[in-house]
Amino acid sequence: MDLSFSAEDLAFQREVRSFIAENYPADIKARFDAGLEPHKEDFVRWQKILFEKGWVAPAWPKEYGGTGWTATQKYIFQEELGAANTPGIIPFGLSMVGPVIYTFATEEQKKRFLPGILSSDVWWCQGYSEPGSGSDLASLKTKAVRQGDKYIVNGSKTWTTMAQWADWIFCLVRTDSTVKQQEGISFLLFDMKSPGVTVRPIITLDGGHEVNECFFDNVEVPVENLIGQEGQGWTYAKFLLGHERSGIAAVARSKRGIAKLKQIANTELADGGPLIEDPDYRRKLAELEIDLTALEYTELRTLARESQGKGPGPESSILKIKGTEIQQAITELAVEAAGYYAFAFNRRAMDGANEPIIGPAATAFAAPSYFNMRKTSIYGGSNEIQKNIIAKMVLGL
Amino acid sequence: MDFNYSDEQKLLIDSVERFIQDDYGFDTRRAILKSEDGFRRDLWQKFGELGWLAVPFSEEDGGLGGTAVETMIIMECFGRGLVVEPYLSTVVLAGGLLRLGGNAGQKETILPELMAGTLLAAVGYAEPTSRFNLADVSTTAEKTSGGWVLKGRKSVVLHGPMADKLIVSARTSGGQRDQAGITLFVIDAGAAGVSRQDYPTVDGLRASEIILDGVAVGEADVVGAVGEGFALLDRVIDEATAAICAEAVGAMETLHKATLEYARTRVQFGQPIGRFQVIQHRLVDMYMAYEQAKSMAIMANLKLDAAPEERRRAVSAAKVQIGKSARFIGQQAVQLHGGMGMTDELNVGHYFKRLTMIETLFGNTDFHLKRYAA
């Protein structure tokens, strides 16, 4: 056991750090540092930069475009991206459907879809939740009926994140209603420009537009877009959720969040002194930072197990639960630090309008972020569902 | 970065685990608690024969040259068995002070016996008014021609009743809470002027109030440098804190497993209570508290050799997490065992009591939160 980085790891860290310093576009950095609503183009441009370098898919096997890094190197890479506040890798292509395709799809499908995922030329969205199927995902009703060499898809999906930007969707559909719920589900890919697809925005409580409703009205999908076996979609869906969880601890980003909180608490005044000197606030900040340290080492232990070929197992649900609790707590403390100026709704400035910000810039979007981050304990399998998973898969209850 | 045990460390785990399983069952421990001595000298000898008492000492000093990881392994296993023998006091605390601050004479005379299991030691770092502040020392050491004379009182000296040697902090200069001016002395437990009031602790250990009433010590009995005992004590208490974090992890693991097993087998309303979601989620919360505590115990033990500032923050962060996890797991284990959890005959209460004392030992959660945020 040893926490130190080897000379090779330190050299790798320097390489990553200087690459980011030299290649992270200043305009994107400015927007992200200010906490403004990101543009689609920000994500695509940054992912393309990483793609050109060969670093966009560290988790993928090398043969499909992965980096072949050790667990420590992956950790260092994530740390550096987080510290530099680069755009997060959009998970739908690279972390979700990509691994399903290279694991379960035909050679032809791999050739067709993987290059666009790696190059970020194709933006994917996730067709899982439905108005009547949230945590009980297997009850989904969107129907795909086979007609010759096509499936005809009818139904709707909801909470579809960034569907307004998506070129393609990976979609869970019911192909058989006569068998057990889980056995009648299939995994289909289709073009969002197909006739019969409608996307309607859902505005969330923070005023933002991230999620959408998607309606499918007799959408024709060629059968060659089916992944794996018809009726096996639930297996692929669960596999995908496992992958989704493994990056969800967001330790590096939360570290940055806490560093920013400290800056804020050093400038905000309370009773004539910096807020950081208020013992109650200081204590909450310290507890949060300790919680994050514990999560960081739990993640490192998970990575260590993974590098020995064990995992990511269901214990990675801990990372989802603790990671999201901490992300939420950071935004709570930012709202507390903002005091009255948390009231000011700088939505238009946040969306990039050339408008003056009311109150200090550092906390201008504290309240919208706080409201927005409530999603994290709901999405990706709610934290209650994660506890069910641990109870069943880890504790054997 | 590496989170794996070496092959030798795996052997050590096997050996301590086997001892707990074969020789330290719940009934054996209960008999020890009721005995006059409050520990088993024959088992202590066995620790010596197995080399466990020599683990942290350098090969130069006759030890095995182990790292903090070996101590962590032993303490975690001891936590699973709730071992009451004076490992923490003799090897980690007194042994740590001598290892890092002992002069050649002290190392030559004390360490071989300590490692052989024939000499027990305890450390007096707390006083009735000091609470957790190691610098709050009112025991005085007055200079004489040939040495020093100690006067004062050391409170709740763990394993004091069985100790042959005591190491105590005393003030040789400065004000009551100054870090400068504290000196550590090693004394014979039976020296003239030493009197003890011995008592059991609620978690089955033994402790003493120790009165020092004009105890004469020589120059050669100073551990470390005169007036500079604080940094040494602070460092060794951090090592001991990391050690009890590991002990707590072992105790929490056993407690969680016992509660899980109980939830699987206890039938109410026609089904095992582990089928109820409210019980399942509680057990998941306990599991997460355990995993987070284990992560922090490893982190703290691996950072003991870092620069003092980093070491302090690491140890305090770990102690905060362990304190919270230990309280939660202990309380919930009793809760989920229902009435049985309240009984002395079931092991659950015994683990809960030890975890509760660990929560306070070397500074409680509030103390370490403040120390971390300082």
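## Where the chains meet

Two residues are in contact if their C-beta atoms, placed from the backbone, lie within 7 Å. By that rule, 26 residues from chain A and 29 residues from chain B take part in the contact between these chains. On the side of chain A that touches chain B, the elements giving two or more residues are helix H9 (279–307), helix H10 (317–338) and helix H13 (383–394). H9(A) gives the most, with 12 residues. Helices here are DSSP runs of H or I with at least four residues, strands are runs of E with at least two, and both are numbered from the N terminus.

That side of chain A divides into 16 nonpolar, three polar and seven charged residues. Ala, Val, Leu, Ile, Met, Phe, Trp, Tyr, Cys and Pro count as nonpolar, Asp, Glu, Lys and Arg as charged, and the others, Gly among them, as polar.

## About the model

This is a predicted model, in which local features need pLDDT of at least 70 and side-chain atom pairs count only at pLDDT 80 or more, while totals for chains, interfaces and linings use all residues. Residues are numbered from 1 along each chain as its sequence is written, and chains are lettered from A and ligands numbered from 1 in the order in which they are written.

## Chain A as a whole

Chain A has 13 helices and 10 strands. Its radius of gyration, taken over C-alpha atoms, is 22 Å, close to the 21 Å that the globule rule gives for 397 residues, so chain A is as compact as a globular protein of that length. The globule rule is 2.2 Å times the number of residues to the power 0.38. Along its principal axes, the C-alpha trace of chain A spans about 75 × 50 × 45 Å.

Of the 397 residues of chain A, 41% count as buried, meaning that 20 or more other C-beta atoms lie within 10 Å of the residue's own, with C-beta atoms placed from the backbone.

## Domains of chain A

An automatic or database domain assignment gives domain 1 (7–89), domain 2 (122–231) and domain 3 (247–394) in chain A. The C-alpha centres of domain 2 and domain 3 of chain A lie 31 Å apart. Each of these two domains gives six residues to their contact.

## A look at Met286(B)

In chain B, Met286(B) lies in helix H8 (residues 277–302). Met286(B) is buried, because 24 other C-beta atoms lie within 10 Å. Not counting residues up to four places away in sequence, Met286(B) touches His256(B), Thr259(B), Phe328(B), Ile329(B) and Gln332(B).

Notes
A residue is buried if 20 or more other C-beta atoms lie within 10 Å of its own, exposed if 12 or fewer, and partly exposed in between; C-beta atoms are placed from the backbone.
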